[in-house]
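Colleague: Could you put the model up and walk me through it? I have a few quick questions.

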Amino acid sequence: MSPVDTSPTSSHRAHWPALGAAGVTVVLWASAFVSIRSAGEAYSPGALALGRLLAGSLALGCVLLVRREGLPPRAAWPGIAVSGLLWFGVYMVVLNWGEQEVDAGTAAMVVNIGPVLIALLGARLLGEALPPRLLAGMAVSFAGAVTVGLSMSGEGSASTLGVLLCLLAAVGYAGGVVAQKPALAHASALQVTTFGCLVGAVACLPFIGQLVDQASRAPASATLNMVYLGVFPTALAFTTWAYALARTTAGRMGATTYAVPALVVLMSWLALDEIPGWLTMAGGALCLAGVAVSRSRARVVTAAPSGEVVCGRPDAIGTKGPTREQPPSKPGS
(Lines give C-alpha, C1' and ligand atoms only; values in the text may rest on other atoms or scores of the structure.)
Protein backbone atom coordinates (compact mmCIF):
# COMPACT_ATOMS: atom_id res chain seq x y z
CA MET A 1 0.00 0.00 0.00
CA SER A 2 1.42 3.41 -0.96
CA PRO A 3 2.09 5.86 1.89
CA VAL A 4 -0.07 8.94 2.42
CA ASP A 5 1.12 11.94 0.41
CA THR A 6 2.78 14.32 2.84
CA SER A 7 5.27 15.70 0.32
CA PRO A 8 6.31 19.34 0.52
CA THR A 9 4.86 19.87 -2.98
CA SER A 10 1.24 19.45 -1.83
CA SER A 11 1.67 21.75 1.18
CA HIS A 12 3.57 24.25 -0.98
CA ARG A 13 0.60 24.49 -3.36
CA ALA A 14 -1.73 25.17 -0.42
CA HIS A 15 0.16 28.33 0.59
CA TRP A 16 -0.46 30.23 -2.64
CA PRO A 17 -3.90 31.70 -1.72
CA ALA A 18 -2.48 33.09 1.53
CA LEU A 19 0.60 34.44 -0.26
CA GLY A 20 -1.70 36.09 -2.82
CA ALA A 21 -3.75 37.64 -0.01
CA ALA A 22 -0.58 39.04 1.55
CA GLY A 23 0.34 40.50 -1.83
CA VAL A 24 -3.04 42.24 -2.14
CA THR A 25 -2.53 43.74 1.33
CA VAL A 26 0.93 45.07 0.58
CA VAL A 27 -0.13 46.68 -2.72
CA LEU A 28 -3.19 48.37 -1.18
CA TRP A 29 -1.29 49.58 1.88
CA ALA A 30 1.32 51.10 -0.41
CA SER A 31 -1.41 52.88 -2.36
CA ALA A 32 -2.73 54.32 0.90
CA PHE A 33 0.29 56.59 1.26
CA VAL A 34 -0.60 58.39 -1.96
CA SER A 35 -4.24 58.86 -0.86
CA ILE A 36 -3.27 59.98 2.65
CA ARG A 37 -1.16 62.77 1.17
CA SER A 38 -4.18 64.09 -0.72
CA ALA A 39 -6.80 63.64 2.02
CA GLY A 40 -4.43 64.93 4.71
CA GLU A 41 -4.44 68.39 3.15
CA ALA A 42 -8.12 68.82 4.04
CA TYR A 43 -8.60 66.58 7.07
CA SER A 44 -6.88 66.59 10.46
CA PRO A 45 -5.29 63.32 11.70
CA GLY A 46 -8.19 62.30 13.96
CA ALA A 47 -10.91 63.24 11.48
CA LEU A 48 -9.16 61.37 8.66
CA ALA A 49 -8.76 58.27 10.81
CA LEU A 50 -12.42 58.34 11.88
CA GLY A 51 -13.72 58.91 8.35
CA ARG A 52 -11.56 56.09 7.04
CA LEU A 53 -12.72 53.71 9.79
CA LEU A 54 -16.40 54.59 9.33
CA ALA A 55 -16.17 53.92 5.58
CA GLY A 56 -14.35 50.67 6.26
CA SER A 57 -16.83 49.55 8.93
CA LEU A 58 -19.75 50.22 6.60
CA ALA A 59 -18.21 48.21 3.76
CA LEU A 60 -17.21 45.34 6.05
CA GLY A 61 -20.60 45.33 7.79
CA CYS A 62 -22.39 44.94 4.46
CA VAL A 63 -20.20 41.99 3.47
CA LEU A 64 -20.65 40.41 6.92
CA LEU A 65 -24.44 40.64 6.61
CA VAL A 66 -24.42 39.15 3.12
CA ARG A 67 -22.25 36.26 4.27
CA ARG A 68 -24.30 35.87 7.50
CA GLU A 69 -21.24 35.24 9.64
CA GLY A 70 -22.68 36.92 12.73
CA LEU A 71 -20.79 37.81 15.91
CA PRO A 72 -17.36 36.32 16.65
CA PRO A 73 -17.09 33.72 19.44
CA ARG A 74 -16.43 35.06 22.93
CA ALA A 75 -12.87 33.69 22.91
CA ALA A 76 -11.95 35.95 19.99
CA TRP A 77 -13.09 39.22 21.59
CA PRO A 78 -9.99 40.00 23.71
CA GLY A 79 -7.76 39.89 20.65
CA ILE A 80 -10.28 41.81 18.54
CA ALA A 81 -10.65 44.54 21.18
CA VAL A 82 -6.90 44.99 21.70
CA SER A 83 -6.06 44.95 17.99
CA GLY A 84 -8.95 47.28 17.22
CA LEU A 85 -7.84 49.80 19.84
CA LEU A 86 -4.10 49.65 19.10
CA TRP A 87 -3.99 49.09 15.34
CA PHE A 88 -7.20 50.54 13.95
CA GLY A 89 -7.40 53.31 16.53
CA VAL A 90 -4.08 54.45 18.00
CA TYR A 91 -1.93 53.57 14.99
CA MET A 92 -4.02 55.42 12.40
CA VAL A 93 -4.38 58.60 14.45
CA VAL A 94 -0.80 58.95 15.68
CA LEU A 95 0.68 58.02 12.29
CA ASN A 96 -1.39 60.73 10.55
CA TRP A 97 -0.30 63.17 13.27
CA GLY A 98 3.33 62.11 13.25
CA GLU A 99 3.65 62.54 9.49
CA GLN A 100 2.65 66.18 9.93
CA GLU A 101 5.49 66.72 12.41
CA VAL A 102 8.34 64.98 10.58
CA ASP A 103 9.33 64.51 6.96
CA ALA A 104 8.19 61.41 5.09
CA GLY A 105 11.64 59.80 5.17
CA THR A 106 11.98 60.02 8.95
CA ALA A 107 8.44 58.69 9.42
CA ALA A 108 9.20 55.73 7.16
CA MET A 109 12.39 54.87 9.06
CA VAL A 110 10.77 55.01 12.51
CA VAL A 111 7.53 53.21 11.60
CA ASN A 112 9.49 50.37 9.96
CA ILE A 113 10.66 49.35 13.42
CA GLY A 114 7.17 47.77 13.59
CA PRO A 115 7.99 44.46 11.85
CA VAL A 116 11.00 43.97 14.12
CA LEU A 117 8.79 44.49 17.17
CA ILE A 118 6.23 42.06 15.73
CA ALA A 119 8.85 39.33 15.41
CA LEU A 120 10.14 39.93 18.95
CA LEU A 121 6.67 40.10 20.51
CA GLY A 122 5.56 37.05 18.52
CA ALA A 123 8.49 35.07 19.88
CA ARG A 124 7.91 36.27 23.45
CA LEU A 125 4.10 36.15 23.67
CA LEU A 126 3.07 33.61 21.01
CA GLY A 127 6.04 31.26 21.21
CA GLU A 128 6.91 31.74 17.53
CA ALA A 129 10.32 30.72 16.24
CA LEU A 130 12.84 33.21 14.89
CA PRO A 131 14.53 31.27 12.07
CA PRO A 132 17.85 32.66 10.79
CA ARG A 133 16.42 33.44 7.34
CA LEU A 134 13.65 35.54 8.84
CA LEU A 135 16.12 37.53 10.93
CA ALA A 136 18.51 37.96 8.00
CA GLY A 137 15.72 39.03 5.66
CA MET A 138 14.39 41.55 8.16
CA ALA A 139 17.87 43.00 8.64
CA VAL A 140 18.27 43.46 4.89
CA SER A 141 14.78 44.96 4.51
CA PHE A 142 15.25 47.31 7.46
CA ALA A 143 18.51 48.53 5.92
CA GLY A 144 16.56 49.15 2.72
CA ALA A 145 13.84 51.05 4.59
CA VAL A 146 16.47 53.23 6.27
CA THR A 147 18.07 53.88 2.88
CA VAL A 148 14.72 54.90 1.39
CA GLY A 149 14.05 57.11 4.42
CA LEU A 150 17.41 58.86 4.21
CA SER A 151 16.97 59.47 0.49
CA MET A 152 13.52 60.99 1.09
CA SER A 153 14.44 63.11 4.09
CA GLY A 154 16.44 65.77 2.28
CA GLU A 155 16.34 68.95 4.33
CA GLY A 156 13.08 68.07 6.06
CA SER A 157 12.57 68.78 9.73
CA ALA A 158 12.05 66.14 12.40
CA SER A 159 10.64 67.24 15.74
CA THR A 160 10.99 65.15 18.87
CA LEU A 161 7.20 64.97 19.11
CA GLY A 162 6.94 63.68 15.55
CA VAL A 163 9.52 60.95 16.11
CA LEU A 164 7.80 59.87 19.34
CA LEU A 165 4.43 59.75 17.55
CA CYS A 166 5.86 57.59 14.76
CA LEU A 167 7.46 55.33 17.36
CA LEU A 168 4.10 55.04 19.13
CA ALA A 169 2.54 54.14 15.77
CA ALA A 170 5.08 51.34 15.31
CA VAL A 171 4.34 50.00 18.81
CA GLY A 172 0.58 50.17 18.21
CA TYR A 173 0.96 48.36 14.89
CA ALA A 174 3.10 45.60 16.42
CA GLY A 175 0.85 45.15 19.45
CA GLY A 176 -2.25 45.04 17.25
CA VAL A 177 -0.84 42.33 14.98
CA VAL A 178 0.30 40.14 17.87
CA ALA A 179 -3.09 40.53 19.60
CA GLN A 180 -4.94 39.72 16.37
CA LYS A 181 -3.14 36.42 15.77
CA PRO A 182 -4.81 34.43 18.64
CA ALA A 183 -8.24 35.85 17.73
CA LEU A 184 -7.95 34.29 14.27
CA ALA A 185 -7.89 30.86 15.89
CA HIS A 186 -11.51 31.40 17.00
CA ALA A 187 -13.07 33.68 14.37
CA SER A 188 -12.87 34.24 10.63
CA ALA A 189 -10.68 36.88 9.01
CA LEU A 190 -13.81 38.85 8.06
CA GLN A 191 -15.18 38.80 11.61
CA VAL A 192 -11.86 39.81 13.19
CA THR A 193 -11.39 42.65 10.71
CA THR A 194 -14.97 43.94 10.84
CA PHE A 195 -15.24 44.16 14.59
CA GLY A 196 -11.65 45.36 15.00
CA CYS A 197 -12.48 48.20 12.61
CA LEU A 198 -15.64 48.98 14.61
CA VAL A 199 -13.64 49.10 17.85
CA GLY A 200 -11.21 51.53 16.23
CA ALA A 201 -14.08 53.69 14.94
CA VAL A 202 -15.64 53.86 18.41
CA ALA A 203 -12.25 54.83 19.89
CA CYS A 204 -12.03 57.69 17.34
CA LEU A 205 -15.55 59.06 17.96
CA PRO A 206 -14.16 62.07 19.92
CA PHE A 207 -13.10 63.40 16.49
CA ILE A 208 -16.65 63.34 15.08
CA GLY A 209 -17.01 67.13 15.39
CA GLN A 210 -13.83 67.73 13.40
CA LEU A 211 -14.91 65.26 10.73
CA VAL A 212 -18.32 66.88 10.21
CA ASP A 213 -16.86 70.39 10.11
CA GLN A 214 -14.00 69.53 7.77
CA ALA A 215 -16.14 67.37 5.46
CA SER A 216 -18.37 70.39 4.78
CA ARG A 217 -15.38 72.37 3.52
CA ALA A 218 -13.13 69.69 2.02
CA PRO A 219 -12.79 69.31 -1.76
CA ALA A 220 -14.47 66.27 -3.28
CA SER A 221 -11.09 64.73 -4.19
CA ALA A 222 -9.99 64.68 -0.54
CA THR A 223 -13.24 63.10 0.62
CA LEU A 224 -13.11 60.50 -2.14
CA ASN A 225 -9.55 59.64 -1.10
CA MET A 226 -10.76 59.20 2.48
CA VAL A 227 -13.52 56.86 1.31
CA TYR A 228 -11.01 54.96 -0.83
CA LEU A 229 -8.79 54.54 2.25
CA GLY A 230 -11.72 53.06 4.15
CA VAL A 231 -12.94 50.64 1.48
CA PHE A 232 -9.70 49.33 -0.02
CA PRO A 233 -6.58 49.80 2.20
CA THR A 234 -8.76 49.23 5.31
CA ALA A 235 -11.75 46.96 4.60
CA LEU A 236 -10.23 44.83 1.86
CA ALA A 237 -6.53 44.95 2.75
CA PHE A 238 -6.99 44.29 6.48
CA THR A 239 -9.23 41.31 5.65
CA THR A 240 -6.70 39.77 3.25
CA TRP A 241 -4.03 40.48 5.88
CA ALA A 242 -6.02 38.59 8.54
CA TYR A 243 -6.60 35.70 6.10
CA ALA A 244 -2.86 35.38 5.50
CA LEU A 245 -1.94 35.94 9.17
CA ALA A 246 -4.15 33.01 10.18
CA ARG A 247 -1.96 30.80 7.99
CA THR A 248 1.54 31.90 8.97
CA THR A 249 3.49 33.45 11.83
CA ALA A 250 3.15 37.08 12.88
CA GLY A 251 6.88 37.62 12.37
CA ARG A 252 6.83 36.36 8.79
CA MET A 253 3.78 38.49 7.94
CA GLY A 254 5.39 41.55 9.52
CA ALA A 255 8.50 41.03 7.38
CA THR A 256 6.29 40.94 4.26
CA THR A 257 5.26 44.56 4.83
CA TYR A 258 8.82 45.67 4.10
CA ALA A 259 7.76 45.48 0.44
CA VAL A 260 5.56 48.55 1.05
CA PRO A 261 8.37 51.18 0.87
CA ALA A 262 9.50 49.83 -2.50
CA LEU A 263 5.95 49.93 -3.86
CA VAL A 264 5.38 53.43 -2.49
CA VAL A 265 8.43 54.63 -4.42
CA LEU A 266 7.07 53.04 -7.62
CA MET A 267 3.53 54.37 -7.13
CA SER A 268 4.77 57.88 -6.34
CA TRP A 269 6.77 57.75 -9.55
CA LEU A 270 3.76 56.65 -11.63
CA ALA A 271 0.98 58.64 -9.92
CA LEU A 272 2.75 61.78 -8.71
CA ASP A 273 5.62 62.06 -11.23
CA GLU A 274 8.09 61.94 -8.33
CA ILE A 275 11.17 60.49 -9.99
CA PRO A 276 13.16 58.49 -7.40
CA GLY A 277 16.90 58.88 -7.09
CA TRP A 278 19.39 56.05 -7.33
CA LEU A 279 19.66 55.82 -3.53
CA THR A 280 15.88 55.50 -3.22
CA MET A 281 15.73 52.77 -5.85
CA ALA A 282 18.61 50.92 -4.22
CA GLY A 283 16.79 51.03 -0.87
CA GLY A 284 13.61 49.73 -2.49
CA ALA A 285 15.54 46.87 -4.05
CA LEU A 286 17.00 45.99 -0.64
CA CYS A 287 13.50 45.95 0.86
CA LEU A 288 12.26 43.49 -1.76
CA ALA A 289 15.38 41.33 -1.46
CA GLY A 290 14.93 41.13 2.30
CA VAL A 291 11.29 40.11 1.94
CA ALA A 292 12.30 37.35 -0.47
CA VAL A 293 14.90 36.04 2.00
CA SER A 294 12.55 36.25 5.01
CA ARG A 295 9.80 34.33 3.23
CA SER A 296 12.08 31.60 1.94
CA ARG A 297 12.84 28.39 3.75
CA ALA A 298 15.73 25.99 3.56
CA ARG A 299 15.35 22.73 1.69
CA VAL A 300 14.84 19.79 4.00
CA VAL A 301 15.39 16.06 3.76
CA THR A 302 12.72 13.78 5.17
CA ALA A 303 12.38 10.03 5.17
CA ALA A 304 9.42 8.23 3.65
CA PRO A 305 8.17 5.07 5.42
CA SER A 306 9.83 2.96 2.71
CA GLY A 307 13.21 4.44 3.54
CA GLU A 308 13.31 6.64 0.44
CA VAL A 309 14.81 10.07 1.05
CA VAL A 310 12.56 12.92 -0.14
CA CYS A 311 13.92 16.43 -0.64
CA GLY A 312 11.86 19.58 -0.81
CA ARG A 313 10.72 22.76 0.85
CA PRO A 314 8.32 22.89 3.77
CA ASP A 315 5.19 24.97 3.47
CA ALA A 316 6.46 28.48 2.81
CA ILE A 317 3.43 30.19 4.32
CA GLY A 318 2.38 27.81 7.06
CA THR A 319 3.79 27.36 10.51
CA LYS A 320 4.14 23.60 10.41
CA GLY A 321 6.52 21.33 8.60
CA PRO A 322 9.94 19.74 9.09
CA THR A 323 12.61 22.08 10.33
CA ARG A 324 15.71 19.88 10.25
CA GLU A 325 17.11 16.95 8.36
CA GLN A 326 15.89 13.53 9.40
CA PRO A 327 17.99 10.42 8.57
CA PRO A 328 16.35 7.47 6.74
CA SER A 329 14.68 4.91 8.95
CA LYS A 330 16.69 1.82 9.75
CA PRO A 331 15.43 -1.45 8.25
CA GLY A 332 12.91 -3.05 10.55
CA SER A 333 12.44 0.08 12.73
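Modeller: Buried residues, meaning those under 20% relative accessible area with a 1.4 Å probe and protein chains only (exposed is over 50%, partly exposed in between), make up 48% of the 333 residues in the chain. This is a predicted model, in which local features need pLDDT of at least 70 and side-chain atom pairs count only at pLDDT 80 or more, while totals for chains, interfaces and linings use all residues. Residues are numbered from 1 along each chain as its sequence is written, and side-chain values use heavy atoms, with hydrogens and water left out.

Colleague: How many helices and strands does the chain come to?

Modeller: There are 14 helices and two strands, taken as DSSP runs numbered from the N terminus (H or I of at least four residues for helices, E of at least two for strands).

Colleague: And which residues have the most contacts inside the largest nonpolar core?

Modeller: Those are Tyr43, Trp87, Tyr91, Val177 and Trp241, in a core of 71 residues; such a core is a set of buried Ala, Val, Leu, Ile, Met, Phe, Trp, Tyr and Cys residues joined through side-chain atoms within 4.5 Å. Helix α11, residues 220-245, gives the most to this core, with ten residues.

Colleague: How do α4 and α11 cross?

Modeller: The axes of α4, which covers residues 77-101, and α11 come within 14 Å and cross at roughly 125°, where axes are lines fitted to C-alpha atoms over the stretch in contact and angles run from 0 to 180 degrees between N-to-C directions. The two helices are therefore oblique to each other, the class left over once angles under 35 degrees (roughly parallel), over 145 (roughly antiparallel) and 65 to 115 (roughly perpendicular) are set aside.

Colleague: Which residues make that contact?

Modeller: Trp87, Phe88 and Met92 of α4 meet Thr234, Phe238 and Trp241 of α11, contact being heavy atoms within 4.5 Å.

Colleague: Changing topic, is Arg52 buried or exposed?

Modeller: Arg52, which lies in helix α3 (residues 45-67), has a relative accessible area of 10% and so counts as buried. Not counting residues up to four places away in sequence, Arg52 touches Ile36, Met92, Met226, Leu229, Gly230, Pro233, Thr234 and Phe238.

Colleague: What about Ala235, buried or exposed?

Modeller: Ala235, found in helix α11, is buried because its relative accessibility is 6%. Its C-alpha atom is separated by 8.1 Å from that of Cys197, 38 residues apart along the chain.
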